[in-house]
Structure formats: C-alpha cells, structure tokens
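Subject: Structure handover, aromatic contacts

Hello,

Here is the structure for your files. My notes on it follow below.

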Amino acid sequence: MDFLNTVGDTDKSRSDNLITSPDVLLDWLTASNTEVEDAKGIPPSQDDVDALVRFRELAHRVLSYSLENNTVEPDDIQTFEAQIKSSLGRAHLDLGTAPARWITAGDNSHYWIDRFVLLVEGFLSSPEAAKLRQCEGCSWFFLNSGRGRGRRWCNMSTCGNRHKVAAHRKRLLDGDQR
C-alpha cells in the first residue's frame, strides 16, 4: 500500500511522482523497511522505474474505482488482471514462509515489476484488503481499523487539518454574508 502512495500531491491530481529514478526507488525501499537484499544483484533500470510508476497508477485507478463503487474501466481491469497473471506465471510459491507467498525469480528480467505486482496481489488477497480506504483530501490509501466509518483522511495532521481549516473559513464567510 505504501507503494501506491508514492506521490507527493496534497490533492487528487497524483502529478508529483516521488519514484523518479533507480536510486530514488532503492532509497525508498530502504526507508520503507522493504527488503532490498532479495534483489539478488539485479539493480533497477530507468525502464523498471517507469514500468513501476505505470503499474502504480493503474492499480490506483482500479482500487479507487472499486472503493467508490464505480465501474472499473474495462481496459484498466483487463490490463491489471493480465499484469497479475503474467507476474504469477513467472513467480514461484515460497512454502517456507507462513503464510506461503509468491516470490519473484531472481533471474527474471521482469524482476522489479513482478516484485511489486506480487506485493499488490498479496495485499488484495489478504484480510487487510477489506480495511482499505482512500483519503477524502488526497489520493492516498490507508487502512481503516476502526469501527463504522472511522477515518476519513490519510493523516489528521495534514489532510484532516486542511479539511477543518477549509470548513472553518467557510463558516466565517457564511457568517459574514448573513
């Protein structure tokens, strides 16, 4: 899920990509405590980064539509499913972990895209996927662990605060016009 949130926008535009180069990708993996050592000496290329960003945006569109109970664009869902099927076809099942998980073959030229596609597929197959929500202020996803509607924002100190400030300003303007 953190991967899907690698944009720096404070709105829904998703125009501020934070994963811009192979070095930035590796830095983000380290900062997010995602395993870097399992790359088995396969450094990401700029083409890998570009493919990851395209997949990230595709996954974001598919998940956003589904959370809003809208119909997913047929081309998007077909491309999303095809990407998952391709990555699963190149992966192998690691039964040495509990629970078992699909992992990317280290000698695979699709290593980097497969790695992230399998992470997204693993999340969607988990019970945690039912807790997925999208921030009302920006485009980020988060897990809502509360009862009922619960959280509305990715972070109360950013998007929640912006919403409260905007609502306060609106009340002040409405009060001045009476």
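Trp112 counts as buried at 1% relative accessibility, where buried means under 20% relative accessible area (exposed is over 50%, partly exposed in between; 1.4 Å probe, protein chains only). This is a predicted model: local features need pLDDT of at least 70 and side-chain atom pairs count only at pLDDT 80 or more, while totals for chains, interfaces and linings use all residues. Residues are numbered from 1 along each chain as its sequence is written, and side-chain values use heavy atoms, leaving out hydrogens and water.

Rings of Phe, Tyr and Trp (its six-membered ring) pair if their centres lie within 6.5 Å; planes under 30 degrees apart count as stacked, over 60 as edge-to-face and the rest as tilted. The count comes to five aromatic pairs. One of them is stacked: Phe55 and Phe80, 5.9 Å centre to centre with 5 degrees between the planes. This pair links distant parts of the chain, with Phe55 in helix 2 (residues 46–67) and Phe80 in helix 3 (residues 74–90), 25 residues apart; helices are DSSP runs (H or I, at least four residues), numbered from the N terminus, and strands are runs of E (at least two). Phe55 is buried at 3% relative accessibility, and Phe80 is buried at 5%.

Tyr111 and Trp112 form an edge-to-face pair, 5.1 Å centre to centre and 90 degrees between the planes. Tyr111 is buried too, with a relative accessible area of 3%. Phe3, Trp28 and Phe116 form one aromatic cluster.

For the whole chain, there are five helices and four strands, in the order α-α-α-β-β-α-β-β-α from the N terminus. Of its 178 residues, 35% count as buried.

Regards
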